Amino acid sequence: MSDLHPIPIDGPSLGILESLRRIVQEVNNAQHLEEALNIIVRRVKLAIGADVCSVYLNDFDNHRHVLHASDGLRKNAVGRVRLELGRGLIGLVSERAEPINLDNAASHPRYENIIDTGEELYYGFLGAPIIQNRKVLGVLVLRQRERRHFAENEVTFVMTLASQLAGAITFARTSGELARLQQDGIPQRFLPGLAASPGIGIGVAVVVYPSADLDAVPDRRADDQGVETADFRRAVQDVANDLDRFALRTQAHLSTEDMALFDAWRLMLESDTLIDGTLSRIRAGNWAPGALRDTITEHAKVFDNMDDAYLRERASDVRDLGRCILMHLQNQTAAPIQYPDQTILVGDEISAMQIADVPLEKFAGLVSTSGSGSSHVGILARGMGIPAAMGVSDLPVGRIEGREMVVDGYRGRVYVSPGPAVHSEYQRLAADDVALTTELQTLRNVPAETTDGYLIPLYLNTGLVSESRPMGIEESAGVGLYRTELPFIVRDSFPGEAAQMANYRQVLELFAPRPVTIRTLDIGGDKPLPYFPIHEANPFLGWRGIRVTLDQPEIFITQIRAILRAAIGLDNLQLLLPMVSAVTEVDDALLLIRRAHDELLEEGYQVRMPPVGVMIEVPAAVYQSEALAQRVDFLSVGTNDLTQYLLAVDRNNPHVAKLYDEYHPAVLRALLQILAGARLHGKEVSVCGEMAGDPLATLLLIGMGVHSLSMGAGSLLRVKKVIRSVSRPRAREVLQIALQCEDSGAVRRLLMETLEAMGLGALVRPGK
């Protein structure tokens, strides 16, 4: 092809990185697996100067390696050549998961001559595994007619490229399979993710995406092509007007050369490629945003493939123009989303606001390509009783709008356009789920008491959604964790004392006389404020929680005053301090709380000093639990962050989210140490993380002697069922066995077997 040029592998490292970037970008833009693989074999063959480049993919279902693409071997071999899994040099590379570099492949004992390919003519061999998440997806192979031992920098180039291509190949394969489902008999496999909220959801996909994000725009059928065309033309004209206004405003400050940029942008904006390309895609049936996305991707790719660095940079101009047009399109077409009766909400990153927008009676399930069960979206889904799977990274979100989906929230599995057998089986499991829910209703208004008479109050976690009447209000013993972030997040500036007080008064009155534990502002990490940006390389280890509010005492004092005033005459308030890592932080916070209390008394408000607790969610706090218990009235364990920090795992990162596990022996021993420290000073310990709402963990927490549990509304009855089915001595026996386990898998198996033996397995898995 005319746009292909040799890549200087032995040149400067910058050239190698640029070559990698361009190849990976091309593959990422591929619309299906075949296109992605053909790009790979063409580009890599040219880059290395080899005679052949091929890709074999591992077909684990049929136990074989399949030649999926090649540049240099016989064309009719592609798709036909299949090796038994583990056979030949391809099998050896796949087994070892490391490259093999031979100057005479035929002399190797594992070599198998495949006549159909014509490869008997070649001597040199370099095979590199394509790996994702420890799984070898296939092998990238280079062949040379003469004897050739590939140079070390060539091997490292191919290895680096193979590692970066793994994700693109997985995405392209998934996308292609979804596009061809029901057409050529491809096996219907589930897409794996992380279990986030139990239950079975069957419904229709509704894709949500961030505004002005071209990559996140889904395909959607154009109901009225005339309207879509008019909207697009109007958006283009709006962007042109914006450019003219900006040029007029800045012409006094820019040189003639700089002003010429506006002319260049106008030319790109009005080009036939952009206008006609988008209009033709609208006529083909896609809505305007989807048509624009594909046109911009195609147009930018032309610049990306240019050798001139200046011209390549113009690709970013094209994408910027695309985002501007999209922004105007979205402003024109921001009609309310029509949610079908059984809505499966799908997105790369789903916000609490998008969840709150779906009518609860129509909400059948939730699927996100990012996050985990302990991310805030997962927590919210669990609290609402919505089946959810998180971290489904192989899901091509842009291509599933309107498709039927099945969400298995117990196992984190997602099926797109399921066949009759899968659909029938999950309908049966969903019916079992309904029967279980009906059975659990009989536990309403009975105490959460063990069989030997020990009461464990079950509290509610709330505050993630603006709720006038949170779910679970009648069933809970109060609020164990009220998150105060939302009134801050939804505004364009810090809320004042009066606005905050009205919000806190509402929840305190709603639950009175039951206790309400209000956590002070916990921003930072994955909860930034749009008007108070915190830009950090590692926000979870940065300026967040109590660190922010102590550094900005005016924010803290205002909030404490609002909370104390809201509690006047109710006497059911408890305060909770987040992200504590040192006793000095508690000392400083208590001084500020007393200061706010004394100020209000001087102003004539009849406020009372409430019980104050500390969240234990940082390892440093675990080892100072005794000193902390000496200073405050109670401890509350946030197992989500505690697990994240103990295991050094970002629970929102799909690459490592599977390593996040609250049943890790280190987490269990940390909980025991917290309880021991609190016990020395007679202080109670509550667990308010997601572990509290997991029926599997209930046995362990009872055995440890936890005083209360706080969870989402959807978990209350499931946890109560376990509590009312076990005695404390039995729970302690299970705990002692669990503490002898050396890995979380063994702990889970023990707990699962115990629940099954108690007849409670359906609480944590699908089916009766």
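Analyst: A salt bridge is counted here when a side-chain nitrogen of Lys or Arg lies within 4 Å of a carboxyl oxygen of Asp or Glu. The model is predicted, and local features need pLDDT of at least 70 while side-chain atom pairs count only at pLDDT 80 or more, whereas totals for chains, interfaces and linings use all residues. Residues are numbered from 1 along each chain as its sequence is written, and side-chain values use heavy atoms, with hydrogens and water left out.

User: What makes Arg411 and Asp408 a salt bridge?

Analyst: The closest N and O atoms of Arg411 and Asp408 are 2.8 Å apart, which is within the 4 Å limit, so the pair qualifies.

User: Where do Glu425 and Arg428 lie, and what is the N to O distance in their salt bridge?

Analyst: Both residues belong to helix H12, three residues apart, or about one turn of the helix, and their side chains meet at 2.7 Å, N to O. Glu425 is partly exposed at 35%, and Arg428 is partly exposed at 43%. Elsewhere, salt bridges that share partners join Glu497, Arg561, Arg565, Arg595, Glu599 and Glu603 into one network. The search of the whole structure finds 35 salt bridges.

User: Why is helix H23 described as largely enclosed?

Analyst: Seven of the eight residues of helix H23 (residues 716–723) are buried, so the helix is largely enclosed by the rest of the structure. The buried residues include Leu716, Arg718 and Lys720, and what covers the buried residues of H23 includes helix H12, helix H22 and helix H25.

User: How many disulfides are found in the whole structure?

Analyst: The search finds zero disulfides, a disulfide being a pair of cysteine sulfur atoms within 2.5 Å. As for individual cysteines, Cys688 is buried at 3%, while Cys324 is partly exposed at 34%.

Note on methods. Buried means under 20% relative accessible area, exposed over 50%, partly exposed in between (1.4 Å probe, protein chains only). Helices (H or I, at least four residues) and strands (E, at least two) are DSSP runs, numbered from the N terminus. Contact means heavy atoms within 4.5 Å.
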